[in-house]
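Here is a short report on helix packing and a few selected side chains. Please look over the sequence and the structure first.

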Amino acid sequence: MTLAEDCYRFTKEFPRDEIYGMTSQMRRSAVSIAANIAEGYGRENRGSFIQFLRVAQGSLKELETHTLLACRVGLLRKDNETELLLRCEEIGKMMRSLIRTVQAKQAE
């Protein structure tokens, strides 16, 4: 959720003509991360949860790509890029660990 909040805060600085472009793409991918984790957990089925965690991982990689591109084309400040990418890395590690834990429980 914090990652999505940061994304909204940073993309507020983007030009208005990017509202349906990069602004929308970054916000949707950031929101998708948290939403897929929540939806998967809510299914109360380990297999579904793992599947949704993997979808969330894909959204995380999408956000990383948008973040890099936004900085390269001058939409995102370098310090904001660094902050987002560090948070993405941290969340990615947590998701990989969670997937391994849920898979181990599923195998029991």
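Setting aside neighbours within four places in sequence, Thr23 is in contact with Thr11, Phe14 and Glu18. The model behind this report is predicted. Thr23 sits in helix α2. Its relative accessible area is 2%, and under 20% counts as buried, so Thr23 is buried.

Ser24 also belongs to helix α2, which spans residues 22-42. Ser24 has a relative accessibility of 19%, so this residue counts as buried. The cut-off is under 20%. Beyond its neighbours within four places in sequence, Ser24 is in contact with Glu18 and Ile19.

**Helix α1 and its cover**

Which residues of helix α1 are buried? In this helix, residues 2-11, they are Leu3, Ala4, Asp6, Cys7, Phe10 and Thr11. Around the axis these residues cover an arc of only 160°, which means that they lie on the same side of α1. A general point about helix geometry fits here. An α-helix has 3.6 residues a turn, so residues three or four places apart point the same way.

What covers the buried residues of α1? The cover includes α2, α3 (46-72) and α4 (78-107).

**Helix pairs with α4**

The axes of α1 and α4 come within 10 Å and cross at roughly 165°. The two helices are therefore roughly antiparallel to each other. On the α1 side, the contact is made by Thr2, Leu3, Asp6, Cys7, Arg9 and Phe10. On the α4 side, the residues are Asn80, Glu83, Leu84, Arg87, Cys88 and Ile91. The crossing of α1 and α4 is left-handed.

For α3 and α4, the axes come within 10 Å, with a crossing angle of roughly 165°. An angle over 145 degrees counts as roughly antiparallel, so α3 and α4 are roughly antiparallel to each other. Their crossing is left-handed.

**Ile91**

Ile91 is found in helix α4. Is Ile91 buried or exposed? Its relative accessible area is 17%, so Ile91 is buried. Not counting residues up to four places away in sequence, Ile91 touches Leu3 and Leu60. Leu60 and Ile91 are 31 residues apart along the chain, and their C-alpha atoms are separated by 8.4 Å.

**The aromatic pair**

How many aromatic pairs are there? The count comes to 1 aromatic pair. Tyr41 and Phe49 form this pair, which is edge-to-face. The rings are 5.7 Å apart centre to centre, with 70° between the planes. Tyr41 counts as exposed because its relative accessibility is 61%. Phe49, in contrast, is buried, with a relative accessible area of 10%.

**Accessibility at a glance**

The table gathers the single residues discussed above.

| Residue | Relative accessible area | Class |
|---|---|---|
| Thr23 | 2% | buried |
| Phe49 | 10% | buried |
| Ile91 | 17% | buried |
| Ser24 | 19% | buried |
| Tyr41 | 61% | exposed |

Definitions and conventions
Residues numbered from 1 in each chain as written. Predicted model: local features only at pLDDT ≥ 70, side-chain atom pairs only at ≥ 80, totals over all residues. Heavy atoms only, no water. Helix = DSSP H or I, 4+ residues; strand = E, 2+ residues; numbered from the N terminus. Buried < 20%, exposed > 50% of the residue type's maximum accessible area, 1.4 Å probe, protein only. Contact = heavy atoms within 4.5 Å. Arc of directions from axis to C-beta. Phe/Tyr/Trp six-rings, centres within 6.5 Å; stacked < 30°, edge-to-face > 60°. Axes fitted to C-alpha atoms, helices over the stretch in contact; angles between N-to-C directions. Parallel < 35°, antiparallel > 145°, perpendicular 65-115°, else oblique. Left-handed = near helix turned anticlockwise from the far one by under 90°.
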